[in-house]
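Hello,

Here is the structure I promised to pass on to you. Please have a look at it first, and then read on for what turned up in it.

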Amino acid sequence: MIRHLGLKAYGKINLGLDVLRRREDGYHDVRMIMQTVGLYDKIDIYLKETPGIEIVTNLFYLPVNENNLVYKAAKLLMDEFHVSHGIRITLKKFIPVSAGMAGGSSDAAAVLFGVNKMFQLGLSREELMKRGVKIGADVPYCVLRGTALSEGIGEVLTPLPDMPQCQVLIAKPAVGVSTKFVYDNLNLEGLKAEDHPDIDGIIEAIKSHNIHQVSQRLGNILETVTIKEYPVIEQIKEKIKELGAVNALMSGSGPTVFGIFVSPKAAENAYEELRYGESKGLVKQVYLTNFYNTKEVTNGQ
Ligand code: ATP
């Protein structure tokens, strides 16, 4: 049996996010273009002789009990397969929390992968994805990763060709946003047709590997809620574009903004400006990363 596994749980951004309808069960049918980025949380899983799931994390305010998504992921598989050993999970967070980057979902996906491997449960990627949706709507995508169209509540996934390599600036203001709040306040009936992003257009642009066309079409319907609540998000978008991004958008339910840069020099300058320059008051966390394509890795993590 494997005694220790080191895993990377990558964050995501949305190149497009549309909401089609609210369902009877409270979930929403979505059409989202998901893209993994190179920013990740580090997770280690250690085998214990005694039963139980222990969690240690660097962020004091995160739950270390059954409310942590890594706990839910481990318990789901360990119960189903009657695993008698225990595990200790150490979670080092780098992906901003409550930020629209699916950090918790990605951690859960990595733990599904890790527990499957550690106890040789023999589940395929598709079987892990099926179980993942019980933990959260974005978990199946976080098991798949790369560039993908996400439909249904997030569990119907269609892989898309890799995005061309470019720099991605991630900037989060000093507010956290609850995904539930944003969806509860989304007034679909009150929106105009042009508030809905052109998801099919983004797919076409991705298929033709045209970063400029993708960038022109970035769109997120949840901006109608989150930006109204936190106008600083619009200011960050404007600043990032002023600093040379081909475009900028809020990710997920926010408040994180990402900017796409084709010039590495401009991306570096924008990072420096937001981190240390006159604009540093706008953001709490800022990272410079890139699109992360799964084909580059061999073992799935
Ligand atoms: P999404 O993009 O899927 O909406 P998010 O970025 O808005 O996700 P997360 O950071 O994934 O939000 O999760 C935020 C909430 O989930 C917080 O209330 C936090 O306490 C709880 N949580 C549980 N487990 C985790 C985890 N492993 N990492 C981060 N948050 C977690």
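The largest nonpolar core holds 89 residues, and Ala74, Val111, Leu112 and Leu169 are the ones that touch the most other members. A nonpolar core here is a set of buried Ala, Val, Leu, Ile, Met, Phe, Trp, Tyr and Cys residues joined through C-beta atoms within 7 Å. Buried means that 20 or more other C-beta atoms lie within 10 Å of a residue's own; with 12 or fewer it is exposed, and in between it is partly exposed, with C-beta atoms placed from the backbone. Strand S2 (residues 28-48) supplies the largest share of this core, nine residues. Both domain 1 (4-160) and domain 2 (167-290) give at least three residues each to this core. In soluble globular proteins, nonpolar side chains tend to be buried together.

Please keep in mind that this is a predicted model: local features need pLDDT of at least 70, side-chain atom pairs count only at pLDDT 80 or more, and totals for chains, interfaces and linings use all residues. Residues are numbered from 1 along each chain as its sequence is written.

Two residues are in contact if their C-beta atoms, placed from the backbone, lie within 7 Å.

Now to the two domains. Their bounds come from an automatic or database domain assignment, which gives domain 1 (4-160) and domain 2 (167-290). Taken over C-alpha atoms, the centres of domain 1 and domain 2 are 23 Å apart. Their contact involves 25 residues from domain 1 and 33 residues from domain 2. On the side of domain 1 that touches domain 2, S1, S2 and strand S5 (147-151) are the elements that give two or more residues, and S1 gives the largest share, nine residues. Helices (H or I, at least four residues) and strands (E, at least two) are DSSP runs, numbered from the N terminus.

There is also a ligand site to look at. Of the 21 residues around the ligand, Gly103, Gly104, Asp107, Thr179 and Gly252 come nearest; a residue is near a molecule if its C-beta atom, placed from the backbone, lies within 6 Å of it. Helix H1 (69-80) and helix H2 (103-118) are the elements that give two or more residues to this shell, and H2 provides the largest share, four residues. Domain 1 (4-160) and domain 2 (167-290) each contribute at least three residues to the shell around the ligand.

Which residues does the UniProt annotation "active site" cover? In that unreviewed entry they are Lys12 and Asp138. They span 127 residues in sequence, yet no two of their C-alpha atoms are more than 9.8 Å apart, so they gather at one spot. Such annotations may be inferred rather than shown by experiment.

Lys12 sits in strand S1 (residues 4-22) and counts as buried, with 28 C-beta neighbours inside 10 Å. Leaving out residues up to four places away in sequence, Lys12 touches Met34, Gln35, Thr36, Val37, Met101 and Ala102. Asp138 is in the loop between helix H3 (125-132) and helix H4 (139-144), and counts as buried with 27 C-beta neighbours inside 10 Å. With the sequence neighbours up to four places away left out, Asp138 touches Ala102, Ser105 and Gly154.

Best wishes
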